[in-house]
Amino acid sequence: KPYWVSNIIRRELALRSKGFCELCEVKAKTVTQDRWGILHFYDKNKHSFEIDHILPLYKKGKTEMKNLRFVCRSCNRSRKRIMQNYEKETQSILKSF
């Protein structure tokens with residue numbers, strides 16, 4: 001199920017983090033608004049920033065400020081790979097019992 005994070009929350013998360021990725025601390029330099037009015041943030045190399053659910057939606061995480069963070073695309077993608085690998089390993093260990 002897709003989710004949408006409002007511009008109010010996007011802006012609040014960017015302000016809370018002072019415009020830095022909350023994982024690697026790269027700085028957002030540019031903000032644009034697309035034709036639908038959604039805000040998008042970019043670093044100096046034009047890499048995008050994303051809103052990350054700390055506890056994923058599929059694990060019953062909610063789209064609320066305390067469960068969201070402002071992260072660069074690179075960190076968000078790396079985190080997803082780490083989580084997927086961790087879950088695969090955990091399932092494999094549990095199956096062995």
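**Entry 1: E50 and its partners**

I began with the side chain of E50 and found it in a polar contact with the side chain of N76, at 2.5 Å. The model is a predicted one, so I treat each distance here as computed from that prediction. I then found a polar contact from the side chain of E50 to the side chain of R77, at 3.1 Å.

Where does E50 sit? I looked it up and found E50 in strand β3, which covers residues 49–53. Is E50 buried or exposed? The relative accessibility of E50 is 12%, so I note it as buried, given that buried means under 20%.

I also listed what E50 touches, leaving out residues up to four places away in sequence: R69, F70, V71, R73, N76 and R77. I kept F70 from that list in mind for the next entry.

**Entry 2: Aromatic rings**

How many aromatic pairs does the whole structure hold? My search came back with two.

Next I turned to F49 and F70. Their ring centres are 4.8 Å apart and their planes are at 15°, so I recorded this pair as stacked, since planes under 30 degrees apart count that way. F49 is in strand β3 and F70 in strand β4, so the pair ties together parts 21 residues apart in sequence. F49 and F70 are both buried.

Putting the rings together, I have F41, F49 and F70 in one aromatic cluster.

**Entry 3: A charge over a ring**

What sits over the ring of F20? I found the charged end of K27 there, 4.8 Å from the ring centre.

**Entry 4: N7**

My last stop was N7, in helix α1 (residues 7–16). Which backbone atom does the side chain of N7 reach? I traced it to the backbone nitrogen of L39, at 2.9 Å. With residues up to four places away in sequence set aside, N7 touches Q33, G37, I38 and L39. I wrote N7 down as buried because its relative accessible area is 16%, against a limit of under 20%.

Notes: Residues are numbered from 1 along each chain as its sequence is written. This is a predicted model: local features need pLDDT of at least 70, side-chain atom pairs count only at pLDDT 80 or more; totals for chains, interfaces and linings use all residues. Side-chain values use heavy atoms; hydrogens and water are left out. Helices (H or I, at least four residues) and strands (E, at least two) are DSSP runs, numbered from the N terminus. Buried means under 20% relative accessible area, exposed over 50%, partly exposed in between (1.4 Å probe, protein chains only). A polar contact is a pair of N or O atoms within 3.5 Å; within protein, one must be able to donate a hydrogen and the other to accept it, and residues adjacent in sequence count only if both atoms are side-chain atoms. Contact means heavy atoms within 4.5 Å. Rings of Phe, Tyr and Trp (its six-membered ring) pair if their centres lie within 6.5 Å; planes under 30 degrees apart count as stacked, over 60 as edge-to-face and the rest as tilted. A charge sits over a ring if NZ of Lys or CZ of Arg is within 6 Å of the ring centre and within 35 degrees of the ring normal.
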